[in-house]
Amino acid sequence: MIKRKMLSILIVLFFTGHFVFSQEYSYRHYTIKDGLPQSQITSIYQDSKGYMWIGTKAGLSRFDGMEFKNYHVTDGLSADFIEGMAEDTSNNLFVLTRNGYNKITEDTIISYKLDTNLHLDWHEKIIVDRDNALWARVKSKKELIRFKNGEYTFVDDQGLVPDSLRIKSFFYDRNKDRLYFDARLDGIYYLQDGKLHNYWKPDRRMALHITRAPDGSIYGLNKDSIYRVEKGNIQPITTSPIEGSYWGPGEWDNRGNLYILKNQYKIVRFDGEKLKPFPGRFESTSAFHIDNENNLWIGTETGVTKSISRKFLNFTQENSGIIPYVYSAVEDENNQVYFASLNEGLVRYNGNAFKKISGYDDIYSSDRFYMGAICDHNNNLILPTSHGALKYTGEEFYNIKGFQPYEAVLYVYEDPDNKAQLFGTERGLVIREKNGDIKRYAVKPGGRPQQNITTLVKDSTGKYWIGGSKGLSFLENGKVHHLPDSDYDYEEGAISLYRDYKENIWLGTRKGLYFYDYHSFRKIAESRISSYVVSLAGVDASKLVIGMINQMATLDLQDFYQKNEESLTTYNHNNGFLGNECIQNGMFTDSRGNVWIPTSDRVVKFMPYKEDEIIHPPSIYLDEIKKLNHQMEWVDLQGPVRTDSLFRMDHSINNLRFHFTGIDHSNPHGVRYQYKLEGNDEGWSEPTKSRYATYTNLEPGEYTFRVKARSSNDVWSETTASVKIHITPALWQRTWFIILCILAGTAGMAWLIYYYAQRHRLAQQRKAEYEKKMAEMKLLNVKNQLEPHFTFNALNSMAYMVLIKDHHEAYNYLCKFASMIRLSLNHSEHILRKLRDELDFVRYYLDIQKLRYDDHFDYEISIQDDLDMDFHVPKMIVHNYVENAIKHGIKHKKEKGLIRINLFTKDSSLKIIVEDNGIGREKAAEIGSDSSGKGLETLKEYCRIFNKYNTEKIRMDIEDLYDTSNNPAGTRVTISIPLNYEYHVDEGD
């Protein structure tokens with residue numbers, strides 16, 4: 001008994017030693033943080049449009065690769081606990097819950113509640129037959145239940161299946177319209193045309209979990225084996241590599257592979273002949289599904305996991321036991337891969353497990369290894385370190401001589417011709433010839449003092465190229481040349497160098513990828529690679545592998561050389577490459593064509609030869625149309641959006657936003673869209689990753705919006721999604737209304753032309769009259785300035801002074817009289833003059849009048865300090881009122897008179913006050929006057945014309961003054977001129 005137990009343990013160890021995985025493919029995990037309604041997954045299904053439907057214990061979710069849309073009881077579901085899903089031939093989705101089932105057509109949910117509490121077997125899919133009836137397995141009863149038109153029946157109740165048959169698994173053959181099921185130890189049966197038929201009867205106690213392959217073959221799973229089942233017999237195919245008798249559900253992919261859940265945490269793949277482990281461990285798996293792009297979806301207690309790509313295997317300390325901070329990867333002659341860490345030493349990987357390598361303690365006291373390790377022509381590993389370099393034969397370590405103390409080696413290169421070994425260090429270049437001779441070159445790449453050598457390569461002419469992040473040099477015939485020079489104007493440096501199968505050189509730099517063909521340097525894929533390229537490797541003559549900070553890429557060398565095309569495929573977190581920051585010159589291609597890529601958080605094994613997942617064109621759909629409301633918010637238009645459907649809308653709804661989805665589950669972030677609005681756009685838009693298009697201020701009319709999608713593999717959707725839009729014109733936008741408006745406008749225009757012609761004629765007539773009037777007033781104004789009576793009397797007064805020999809006073813007054821004449825003549829052609837000139841004229845006039853009247857009056861002129869004396873006023877506006885004050889007020893006064901003139905600004909106007917203490921207007925009227933009054937009439941006519949063309953007017957107010965006994969005491973004239981007053985005449989009026 002003990003021997004048998006030990007044998008079992010050894011068998012288990014044998015199998016687990018060969019098949020316990022130490023790596024996993026690239027996966028993306030979705031949880032409630034990403035939008036799931038709940039994390040406990042019960043079922044996964046993909047509908048005919050490509051949407052993934054995910055059932056949980058607290059709701060249903062539809063996933064388009066980017067966003068989750070959730071459904072609950074509040075949306076119409078019969079319950080939130082989802083049991084399973086299936087689609088009928090009319091593309092209606094049926095969703096089974098604990099107490100009923102639901103039909104979802106677009107966003108419409110019809111719920112059918114049942115009078116029983118279902119507990120379906122999540123191992124088995126729900127299927128839909130030709131009659132659109134749903135079939136499921138009830139776990140508690142181990143029998144089938146059928147749903148149709150809101151009702152359900154158990155097959156046992158119909159008498160089709162005896163109670164003794166306990167159903168384990170089932171499937172539906174649509175071609176033959178047969179429902180197959182296994183009855184555990186009683187064999188395999190099928191229902192057809194309402195009758196039960198036996199398909200296979202076991203000759204010994206054997207229970208099979210059955211499944212149907214895409215080619216129609218039936219397979220059975222029993223404990224650790226897989227059988228092909230044919231009518232009447234079974235044939236064993238293979239044995240499971242994983243111990244345990246528990247088989248979960250199976251899923252077939254598009255290539256005829258069967259994926260089977262084993263023991264709820266491991267998945268195995270059956271290719272028709274063998275079972276192979278699928279890398280990864282999935283705890284508490286409750287559902288899984290293969291989509292139409294061959295992506296694997298796995299439902300667990302913590303969310304949904306989707307396989308992203310099978311070109312990548314990820315080695316982390318957590319999932320494989322690999323050491324962290326790997327800087328170098330290199331393969332020995334036995335195809336074992338060694339990984340050297342920055343601070344964790346060295347390990348060896350034999351394809352199954354990692355083993356720590358020791359034995360260098362006596363010659364190197366640190367576990368610090370650097371990048372750029374190689375396996376030399378003698379199959380020795382040359383390992384760069386912080387203190388020189390080590391040689392490892394597979395059994396022993398040796399210290400390589402020729403380095404200075406504490407000289408760090410950053411790169412190792414072996415000359416493929418003479419087998420000399422070149423070491424790039426922080427202090428220069430060390431060359432170790434095959435015979436052991438050492439040469440040192442104190443070279444800094446590009447001749448820059450701070451540059452370390454990070455990479456080395458030999459070209460076909462025998463030059464050694466020496467690269468650093470900011471400089472590039474080459475060694476030829478023992479002499480170092482720095483770039484740029486007279487032959488090369490290259491200045492970018494080289495972090496990494498690679499010589500391809502055509503012997504041309506590729507350079508990874510801080511600014512992207514460069515190519516050197518012995519004639520010139522040129523930049524490659526400039527629009528897609530614009531930052532640090534830190535590592536380069538090749539895969540035979542087919543691909544250049546490019547390691548960058550945040551992604552990696554492959555360049556097809558055959559397309560590059562034969563078609564002159566830069567066929568670049570990039571990989572990042574969205575489509576399989578999960579590493580964070582490729583390590584400088586850490587990449588290495590092994591003998592099997594795998595590229596090992598050390599990154600800051602893992603080592604990635606890139607398998608470029610592996611087939612891509614199914615290249616499937618994106619499915620493109622219009623999700624919704626939104627309009628802009630009065631609150632400037634985007635709100636939904638009513639009704640679902642179907643392809644080629646027509647939406648009619650009012651003219652006010654002319655700001656629209658179209659939302660669309662291109663479904664590509666392999667790389668949803670890589671989908672790009674092009675769209676156009678026929679009737680508005682001339683052609684397709686530029687490719688964009690935005691999932692909506694906005695149009696504003698659309699004119700009334702007929703439009704068709706079309707959108708198409710392109711996958712990251714440059715495969716376009718086979719069809720476009722489209723919708724028709726009809727914006728109804730408003731009354732004023734209708735043709736008959738526009739014609740009527742044109743006619744009315746034409747008539748109105750004709751009338752306006754006639755009206756303005758008449759108005760222009762009248763304006764011209766008024767202008768001519770105005771100019772004639774102005775000319776007359778100018779002449780009259782000149783005459784009024786120096787009336788003959790005043791001139792005669794003034795000259796008489798000055799003559800009298802000459803007669804009495806008062807020559808000095810006579811000369812003084814003669815000068816003032818001459819100044820008056822000059823001012824009159826200078827402004828004879830103008831009706832305006834500066835306030836300063838007007839007051840000068842008034843002063844001369846008052847002084848001469850004082851002489852005439854024998855000093856019978858005095859005068860005072862008061863001017864505000866900051867008053868603008870260049871302000872233009874109508875000519876004579878002060879003089880005329882001063883003249884009136886003398887002639888009508890002061891002249892007949894017995895006592896000495898006084899004239900006060902006060903100028904200031906108030907309320908945005910210039911105020912001019914002329915005040916006298918004469919006899920008053922009433923007494924003056926009784927006495928009469930020999931004055932013609934033409935001066936005041938001319939001034940008033942001026943102001944009347946000026947006021948006609950101004951909103952604010954010139955005002956002249958005359959006030960009679962009285963003493964305390966109410967006797968006349970003079971006159972006050974107040975003149976108000978707005979400071980913004982304009983004196984020009986508008987010719988158009």
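This is a predicted model: local features need pLDDT of at least 70, side-chain atom pairs count only at pLDDT 80 or more; totals for chains, interfaces and linings use all residues.

User: What is the angle between the ring planes of Y259 and F278?

Analyst: A search of the whole structure finds 65 aromatic pairs. Y259 and F278 form one that is edge-to-face, with 5.6 Å from centre to centre. Planes over 60 degrees apart count as edge-to-face. For Y259 and F278 the angle between the planes is 85°.

User: How many residues apart are Y259 and F278?

Analyst: Y259 counts as buried because its relative accessibility is 1%. Y259 belongs to strand β23 (residues 258-262), whereas F278 belongs to strand β25 (residues 275-278). The pair links distant parts of the chain, and the separation is 19 residues.

User: Why is the pair of Y360 and F369 classed as it is, and what is the class?

Analyst: Both Y360 and F369 are buried. Their ring centres lie 5.5 Å apart. Because the planes stand at 90°, the pair is edge-to-face.

User: Which ring lies under the charged end of R98?

Analyst: Two arginines are placed over rings here, R833 over the face of F841 at 4.9 Å from the ring centre, and R98 at 3.9 Å from the centre of its ring.

User: Which element gives the largest share of the largest nonpolar core?

Analyst: The largest nonpolar core has 41 residues, of which V882 and I977 touch the most other members. Among the elements that give two or more residues to this core are α5 (807-826), α6 (835-852), α7 (879-890) and β70 (968-978). The largest share is eight residues, and the element that gives them is α6.

User: How far apart in sequence are the parts tied together by K896 and D855?

Analyst: The side chains of K896 and D855 meet in a salt bridge, at 3.9 Å from N to O. K896 lies in the loop between α7 and β67, while D855 lies in the loop between α6 and β65 (857-863). The pair therefore ties together parts whose separation in sequence is 41 residues.

User: In which strand does D960, the partner of R921, lie?

Analyst: R921 and D960 meet through their side chains in a salt bridge of 2.9 Å, N to O. R921 is in helix α8 (residues 921-927), 39 residues from its partner. D960 is partly exposed, with a relative accessible area of 29%. The strand that holds D960 (residues 955-962) is β69.

User: Which residues are joined with R972 and E959 into one network of salt bridges?

Analyst: The side chains of R972 and E959 meet in a salt bridge of 3.0 Å, N to O. R972 lies in strand β70 and E959 in strand β69, so the pair ties together parts 13 residues apart in sequence. Salt bridges that share partners join R972 and E959 into one network with E860, R900 and E915.

Technical notes. Residues are numbered from 1 along each chain as its sequence is written. Side-chain values use heavy atoms; hydrogens and water are left out. Rings of Phe, Tyr and Trp (its six-membered ring) pair if their centres lie within 6.5 Å; planes under 30 degrees apart count as stacked, over 60 as edge-to-face and the rest as tilted. Helices (H or I, at least four residues) and strands (E, at least two) are DSSP runs, numbered from the N terminus. Buried means under 20% relative accessible area, exposed over 50%, partly exposed in between (1.4 Å probe, protein chains only). A charge sits over a ring if NZ of Lys or CZ of Arg is within 6 Å of the ring centre and within 35 degrees of the ring normal. A nonpolar core is a set of buried Ala, Val, Leu, Ile, Met, Phe, Trp, Tyr and Cys residues joined through side-chain atoms within 4.5 Å. A salt bridge is a side-chain nitrogen of Lys or Arg within 4 Å of a carboxyl oxygen of Asp or Glu.
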